[in-house]
Amino acid sequence: MDAQRLKDNFAQVAQHGDAVALFFYSDLFLRNPRLRDMFPVGMSTQRDRLLSALGRIVSQVDDLHNLVPFVQQLGRDHRKFGVEALHYPEVGASLVTTLRYFSGSSWTEELARDWTDAYNLVSKVMLDAAQQDSSVNPSWWNAQIVAHERRRFDLAVFRVLPDRPFAYQPGQSASLEVPARMRMWRSYSMANAPRPDNTVDFHVQLIDGGPVSPVLVRSLRVGDWIKLSAPVGTMTFDERSGRDVLLIGGSTGLAPLKAILDQIGALPSPPRVHLFFGARYVDGLYDLDDLQKRAAGAPWLTVIPAVSDHDPGAVAEHGTLPDVIGRFGMWQNHDAYVCGSPGMTDATVDRLLNLGLSHDRIRIDKYADA
Amino acid sequence: MTSPEIHAQRITPAELQAVNFQRAPLGRRGFDEDQVRAFLGQVEQELVRVLNEKADLENEVGRLRERIAGAGPDAAAIQPEDAHIQAVRILSNAQQTADQYVADAQRYSREIAEEARRGRDEILADARSRATLVLEEAHRQASYAAEQIAPSSEPMSGDERRELEREIAYLRTFSDVYRTHLRSYLEALLRNVEEWETSERESLSGTRAALPRMD
């Protein structure tokens, strides 16, 4: 397999952008009509994902050390879509057809062989990872809503009970699918450490015009069922560092930090923890009551709410999270955990680096905007 | 890619989608961001269409060349491969139409939601400022009444005292009435908001039982 030849060919094909993925899926569905049902009606996001995953795989095709973990995760992720071993050759055939079509006259037998070899390799790694995962995890969990609370007109906290044990690390997230929006999985963080009763909390902010979050916030009812994917994510708590802890959450970015807070609270001697919870308006501090209750019972915990878009008076600090954190002094000897929107996390990490915290002590979970 | 660059290579749809412009420096006027984005979206779609057409044509040329090169008795018949490519093209067009509908519906829903959010903020701000005004007015009147009594160290006649007490009583009532008005105004507002929410919820999923609260 000639890695450079693959890269050059893909660069040429990728110039056609969205058309490539459009052709690929049309070809796939025409050959295998039953596969269409595994995808949502609108396919634009799906096509973007396909192209970016392909781009990443091709760019790292000669860097297996970094590529393999990514492809393994891809294989595990696809279990929840109902993808099975027999689908892989069908996808491979459409992929090669697509590449040949867009390569035009520059397509050669060698390229065909290279692509087939590369695809077989990638699909084997995906399948192996999926297989391995299936001995530990189901393809998805069914979970029933046991409580649902609107904290604001556009923000809800709800609790689910999965149909079998759901093991995860505090700080991780899982993808959710609601029956009203089939095939549209959205990732949310678990907002508590695993409990003996197996219930899990999620915090959801409604995104205007988003397809899934309005359903989760406004239409979900106690008794409804949703699907839950296997947990993923690396913003987990480092118990061995021994350093004090800085938790920074913007809006529902608070969720994974609360799970970490649970974990810290269960330690025999918890480190000192500063939790900064930010929102644009005071009514966005949707979970402040609970946090303050926790702080009152935990001498190691300090909770600092911050409001950016108006002066909240005595209720909270006035300013963006990076500004407020900067005002509160010295964090060089802390481990920081940052979760929120891309804008919030980027600005906060910049500020932390400016304040002298090193990169390896900052763990980040960036929420998607839509 | 995060910033517009000039490059020798052709610009791709993906680059158009990912392009990010720096904000204009403070005090400098810039274009409306939404308009720029919408336009870029149009350009991207157009570029995808043109590139699609180009790839189709290149393929067409390739196939025609092959056909001429190997011109046999059945060269004029439609090849199965051609039919498949045509089907792919038709399905792709249908998918693009569906995507366009979904995108339009989402944009429409976002615009409505944003408008409603603005409306809510305005109503709340208006209610807050009214509340402040009403309270200030009541407070001012009450202080005025108090001042009327306090500085007069001279002994008052019974008539004067009764007059002032009447005035205080009047103002107290006045303030109470103001508070009541204010309260009912705010409650009406809240009821309004709740009615909207209920009717919207019903339209979303039919009537259902109220939710238990989470502790």
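**Exercise 1. Describe how helix α1 and helix α6 of chain A are placed against each other, and say which residues make the contact.**

Solution. 
1. In this predicted model, the axes of α1 (residues 3-14) and α6 (residues 109-134) of chain A come within 10 Å and cross at roughly 100°.
2. Angles of 65 to 115 degrees count as roughly perpendicular, so α1(A) and α6(A) are roughly perpendicular to each other.
3. From α1(A), the contact uses R5(A), L6(A), N9(A) and F10(A). From α6(A), it uses E110(A), L111(A), D114(A), W115(A) and A118(A).
4. Sorted by type, the residues of this contact are 5 nonpolar, 1 polar and 3 charged.

**Exercise 2. Give the strand order of the sheet in chain A and explain why β4 and β5 each have one side without a neighbour.**

Solution. 
1. The sheet is open and has 6 strands, with antiparallel pairing. Read across, the order is β4-β3-β6-β1-β2-β5 (chain A).
2. β4 (186-189) and β5 (200-205) of chain A are at the edges with a single partner strand each, so one side of each has no neighbour in the sheet.
3. From one strand to the next, the twist averages 40°.

**Exercise 3. Work through the bridges that join β2 to β5, β1 to β6 and β3 to β6 in chain A.**

Solution. 
1. Begin with β2 (residues 155-162) of chain A, which runs antiparallel to β5(A) and is joined to it by 6 bridges. Within this pair, V160(A) has V200(A) as its bridge partner.
2. Next, β1 (residues 141-152) and β6 (residues 225-228) of chain A run antiparallel and share 4 bridges. Here N142(A) is partnered by K227(A) of β6(A).
3. Then take β3 (residues 173-177) of chain A, joined to β6(A) by 2 bridges, again antiparallel. E177(A) stands opposite K227(A).

**Exercise 4. State the domain bounds of chain A, then characterise the interface between domain 2 and domain 3.**

Solution. 
1. Chain A is divided into domain 1 (3-134), domain 2 (141-228) and domain 3 (244-366).
2. The C-alpha centres of domain 2 and domain 3 of chain A are 23 Å apart. Domain 2 gives 14 residues to the contact and domain 3 gives 14 residues.
3. Between them, these two domains bury about 1200 Å², and 58% of that is on carbon and sulfur atoms.
4. On the domain 2 side, R151(A), R152(A) and H203(A) lose the most area to domain 3, together 39% of what that side buries.

How values were computed: Residues are numbered from 1 along each chain as its sequence is written. Chains are lettered from A and ligands numbered from 1 in the order in which they are written. This is a predicted model: local features need pLDDT of at least 70, side-chain atom pairs count only at pLDDT 80 or more; totals for chains, interfaces and linings use all residues. Side-chain values use heavy atoms; hydrogens and water are left out. Two strands pair if DSSP finds at least two bridges between them. Axes are lines fitted to C-alpha atoms, for helices over the stretch in contact, and angles run from 0 to 180 degrees between N-to-C directions. Angles under 35 degrees count as roughly parallel, over 145 as roughly antiparallel, 65 to 115 as roughly perpendicular and the rest as oblique. Contact means heavy atoms within 4.5 Å. Ala, Val, Leu, Ile, Met, Phe, Trp, Tyr, Cys and Pro count as nonpolar, Asp, Glu, Lys and Arg as charged, and the others, Gly among them, as polar. Domain bounds come from an automatic or database domain assignment. Buried area is the accessible area (1.4 Å probe) that two parts lose on being put together, summed over both.
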